[in-house]
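Have the structure open as you read.

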Amino acid sequence: MCSYKILNGGTTMKGSCFPWQTSVMCFYLILALMKIASCEVLPNIKEFFPYIKNDLTKVTWAHDIATNNGIKVAKSAKAMMISSYITICYYKLTPWMEKDGMFTTAITLEELLDKVAKVKSMGVQLNLRSTFELKQAIKVLQAMRRKLTFPLWLNAVTDNMEDKDVDEFLSLCTHNFPEATISIGWSRMGQKAPSKPVKYNVELITKMKNTLILNNVTQTVAFPVEIRSAALSLDTLPALKDVHGITDSALYIYGRLTGADDYLGVVSQIRNLIKSFGKDRVYLDLHVNLVKDLI
């Protein structure tokens, strides 16, 4: 308690260190800021789907969603995350959802986000192949920020990116949507795709970690790993569990197995990988039967 003068007839009162008028103003200012913050903060996947009880292996996926009917089908299938590629209509620089390179039946990014916001039961993973696509998408995302009440995942498809492009991608994400989950690929422009599964070696793991650290990434990160290559990398991938500055990360395992693969061997190795990371840190974007065999 302390004394102060109130500019009201020159009287002096004892109470808090601020006049009551100022206190009331501060109170409403704080409420306003909290309201703004609540509108801006995107929920993460664990928060948005509390019934999975932090078990990310239970997250289900629907891919290449580019139409209103696609969203309807994904909802009927109870998909939790829909994954879509963005393409740009260069006439108006409008981000559209990619559907066989055609715009005739596809919907725009704005329309997709609006539909998902109304569905209220799924999140969105956007796959972006350039920083130009990301910049155009960010314009739409910023304009619709108040409607983004679902998980947002920004994934960089880096096959045609250079290191400087990946750096720019991360910078754009961290400065515009630090609440979103982000992921970046392992390959870069000019690198030849391997003809068979290869291990994520120490050099690759170190480069991934350094890229995130040097770009001051602190938000939620997912590491995309192809299932067959992941099965070869039990001794290297665990290093991704500890990246300086990042407190929330997970593996995102994708791909499929063919008759030429050692099915039981891969399943055994991936089970060990899940055990190493924990189910709260592994996504399984795989065929439903394969997921059942893994968990």
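The largest cavity holds about 50 Å³ of space in this predicted model. A search of the whole structure finds one cavity of 30 Å³ or more. The largest pocket has about 1,100 Å³ of space, and the second largest pocket has a volume of about 290 Å³.

**Cavity**

- Pro-43, Asn-44 and Ile-45 are among the residues that line the largest cavity.
- Met-81 is also in this lining, as are Pro-151, Leu-152 and Trp-153.
- Glu-179, Ala-180, Thr-181 and Thr-220 line the largest cavity too.
- By class, the cavity lining has seven nonpolar, three polar and one charged residue.

**Largest pocket**

- The lining of the largest pocket is made of 36 residues.
- Asp-159, Trp-186, Ser-187, Tyr-200 and Tyr-254 lie nearest the centre of the largest pocket.
- Which helix gives the most to the lining of the largest pocket? Helix 7 does, with four residues.
- Strands that each supply at least two lining residues include strand 4 (81-89), strand 6 (123-128) and strand 7 (152-156).
- Strand 9 (221-226) and strand 10 (249-254) also each supply at least two, as do helix 7 (202-214) and helix 8 (227-231).
- The lining of the largest pocket divides into 14 nonpolar, 12 polar and 10 charged residues.

**Second largest pocket**

- The second largest pocket is lined by 14 residues.
- Val-59, Thr-60, Leu-286, Val-288 and Val-291 lie nearest the centre of the second largest pocket.
- Strand 3 (61-63), strand 11 (282-285) and helix 10 (288-294) each give two or more residues to this lining.
- Helix 10 gives the most, with three residues.
- Eight nonpolar, three polar and three charged residues make up the lining of the second largest pocket.

**Helix packing**

- Helix 3 (residues 68-76) packs against helix 4 (residues 109-119) at an angle of about 30°, with the axes 10 Å apart.
- Helix 3 is therefore roughly parallel to helix 4, because angles under 35 degrees count as roughly parallel.
- The crossing of helix 3 with helix 4 is right-handed.
- Helix 3 makes the contact through Asn-68, Ile-71 and Lys-75.
- Helix 4 makes the contact through Leu-112, Lys-115 and Val-119.
- By class, this contact has three nonpolar, one polar and two charged residues.

Note on methods: Residues are numbered from 1 along each chain as its sequence is written. This is a predicted model: local features need pLDDT of at least 70, side-chain atom pairs count only at pLDDT 80 or more; totals for chains, interfaces and linings use all residues. Side-chain values use heavy atoms; hydrogens and water are left out. On a 1 Å grid over the protein atoms alone, a cavity is a set of points where a 1.4 Å probe fits but cannot get out, and a pocket is an open set with protein on both sides within 12 Å along at least five of seven lines; lining residues have an atom within 4 Å of a point. Grid points are joined across faces, edges and corners, and a volume is the space filled by probe spheres set on the points. Ala, Val, Leu, Ile, Met, Phe, Trp, Tyr, Cys and Pro count as nonpolar, Asp, Glu, Lys and Arg as charged, and the others, Gly among them, as polar. Axes are lines fitted to C-alpha atoms, for helices over the stretch in contact, and angles run from 0 to 180 degrees between N-to-C directions. Angles under 35 degrees count as roughly parallel, over 145 as roughly antiparallel, 65 to 115 as roughly perpendicular and the rest as oblique. A crossing is left-handed if the near helix is turned anticlockwise from the far one by less than a right angle, and right-handed if clockwise. Contact means heavy atoms within 4.5 Å.
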